[in-house]
Amino acid sequence: NSSTTPPAWSSFAVHVGSLQLRGPSLLPGAGADLRCWAGFACDLGIQGVGLSATNRMSIRMGPCGNGSQANIDGLDTLAPPSESNSSSYSFGVPAEGTWENLTLCWHADELATGVTYG
C-alpha cells in the first residue's frame, strides 16, 4: 500500500508565449475630461504602446461602437495623429455651440470600430 501525493499543478508550468496589448493609455488630466472651447485649438496628447500613424481619434454622439460621428463646425471628428510619434491629435478649432454627452474614441485605423478613451 503506497501513498503518493500527486505533483502540484505548478510543476507542469510551461511558457507558451507573450501578450502585448497595443493602444493608448490616459495621460494625467486628459481623455475622459477633454474640453474644447470655441475659437481655440482642440488638441489631445496620448501615450501608449504600439501607436502608429494609422491610428485615429474620433468624437462621437453616443457609444464608440454604435454612436454616430459628431457634427461640430470647425472640428475634424475623425482625426489622424498630428505628429510622427502618433501621440498628438489636433481636432481643429470649434465654432460656437454647446455639445453634451459626446464620447472620445480611439481607433486602430480609420475603418476600425473605436473603443472608448477615458
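1. Let's start with burial: of the 118 residues in the protein, 28% are buried. Here "buried" means under 20% relative accessible area, "exposed" means over 50%, and "partly exposed" is anything in between (1.4 Å probe, protein chains only). Keep in mind that this is a predicted model, where local features need pLDDT of at least 70 and side-chain atom pairs count only at pLDDT 80 or more, while totals for chains, interfaces and linings use all residues. Residues are numbered from 1 along each chain as its sequence is written, and side-chain values use heavy atoms, with hydrogens and water left out.

2. Next, the overall build. The protein has 9 strands and 0 helices; both are DSSP runs numbered from the N terminus, with helices being H or I of at least four residues and strands being E of at least two. Look at contacts between residues at least 6 apart in sequence: 62% of them join residues at least 24 apart. A contact means heavy atoms within 4.5 Å.

3. On to the disulfides (pairs of cysteine sulfur atoms within 2.5 Å). The whole structure has 2 of them, and counting bonded cysteines along the chain gives the pattern 1-2, 3-4. One is Cys36 with Cys42, where the sulfur atoms sit 1.7 Å apart.

4. Asn55 counts as buried because its relative accessibility is 2%. Its side chain reaches the backbone nitrogen of Ser52 at 2.8 Å, and a polar atom of the Asn55 side chain lies 2.9 Å from the backbone oxygen of Ala108. Leaving out residues up to four places away in sequence, Asn55 touches several others, including Pro80, Tyr89, Trp106 and Asp109.

5. A search of the whole structure finds 1 salt bridge, meaning a side-chain nitrogen of Lys or Arg within 4 Å of a carboxyl oxygen of Asp or Glu. The partners are Arg56 and Glu110, at 3.6 Å from N to O. They come from distant parts of the chain, 54 residues apart, with Glu110 in the loop between β8 and β9 (115-116) and Arg56 in strand β4. Arg56 is buried, with a relative accessible area of 14%.

6. Finally, the surface. The protein exposes about 8,000 Å², and carbon and sulfur atoms supply 52% of that; the areas come from the Shrake-Rupley method with a 1.4 Å probe, and for residues only the protein chains shown count as cover. Trp99, in the loop between β7 (88-90) and β8 (102-107), is partly exposed, with a relative accessible area of 36%.

How values were computed:
Polar contact = N/O pair within 3.5 Å; in protein donor to acceptor, adjacent residues only side chain to side chain.
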